[in-house]
Amino acid sequence: LDLPELAAAAKDMAAGKSGVLRLRDPEDGEGMSWLVFAPIASTGWTLMALVEEEKVLAEVNQRLQRQLAVSLAGTLLVLLILAVTAVRITRPLARLAETARQVGAGNLAARAEDISSRDEIGQFATVFNRMLDELDAATAARIRETAARQAVESELKVALEIQRSLLPHVFPPFPEHAEFD
């Protein structure tokens with residue numbers, strides 16, 4: 001294999017320098033390796049080590065994978081909590097909307113019965129139901145008033161007919177008498 005980086009590192013080692021070099025694996029040329037070298041002053045030698053990059057980064061990769069798994073699990077947990085919370089919030093609102101649609105269609109007996117939360121939505125449902133009860137009572141009172149008014153009007157019509165029947169139908173009522181206007 002032709003590795004000019006390795007030749008340059010050999011020159012640096014001979015000159016007594018130290019260094020770290022990332023290069024293609026000199027054995028198979030496929031993977032990457034780390035070449036580390038440093039002089040040993042007391043002996044005049046140079047210590048050199050060639051380590052495969054996979055071995056150097058194995059622990060880092062394991063930690064990275066664990067952190068990624070924990071982060072992913074945390075994200076999924078947060079998304080699950082958000083979904084559950086969203087459903088808990090929107091389900092009562094959807095029930096209220098359906099009740100409002102039914103009332104708008106004329107069903108004054110519709111009620112938001114199955115909303116039992118104590119938050120603002122539950123308070124709104126309670127007020128909405130109370131409003132519907134009051135509307136129902138007002139409608140019933142209006143029906144009673146209308147029925148009573150119709151009964152009075154009917155009685156007045158009968159009285160009017162009785163009064164009209166008492167009046168003469170021919171005008172002037174006594175044509176043979178000129179003294180009446």
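**Exercise 1.** In what order do the strands of the open sheet run, and is the pairing parallel or antiparallel?

*Solution.* A note before starting: this is a predicted model, where local features need pLDDT of at least 70, side-chain atom pairs count only at pLDDT 80 or more, and totals for chains, interfaces and linings use all residues. Residues are numbered from 1 along each chain as its sequence is written, and side-chain values use heavy atoms, with hydrogens and water left out.

Step 1: get the strands, which are DSSP runs of E with at least two residues, numbered from the N terminus (helices: H or I, at least four).

Step 2: pair them up, asking DSSP for at least two bridges between two strands. You end up with 3 strands ordered β1-β2-β3, paired antiparallel.

Step 3: check the edges. β1 (19-24) and β3 (45-52) each pair on one side only.

**Exercise 2.** Over how many bridges do β2 and β3 pair, and which residue in β3 is the bridge partner of Trp-34?

*Solution.* Strand β2 (residues 32-40) pairs with β3 over 8 bridges.

**Exercise 3.** Which helix gives the largest share of the lining of the largest pocket?

*Solution.* Lining residues have an atom within 4 Å of a pocket point; the pocket is an open set on a 1 Å grid over the protein atoms alone, where a 1.4 Å probe fits, with protein on both sides within 12 Å along at least five of seven lines. Helix α2 (residues 53-104) supplies 5 residues, the largest share. The lining includes Arg-88, Pro-92 and Asp-114.
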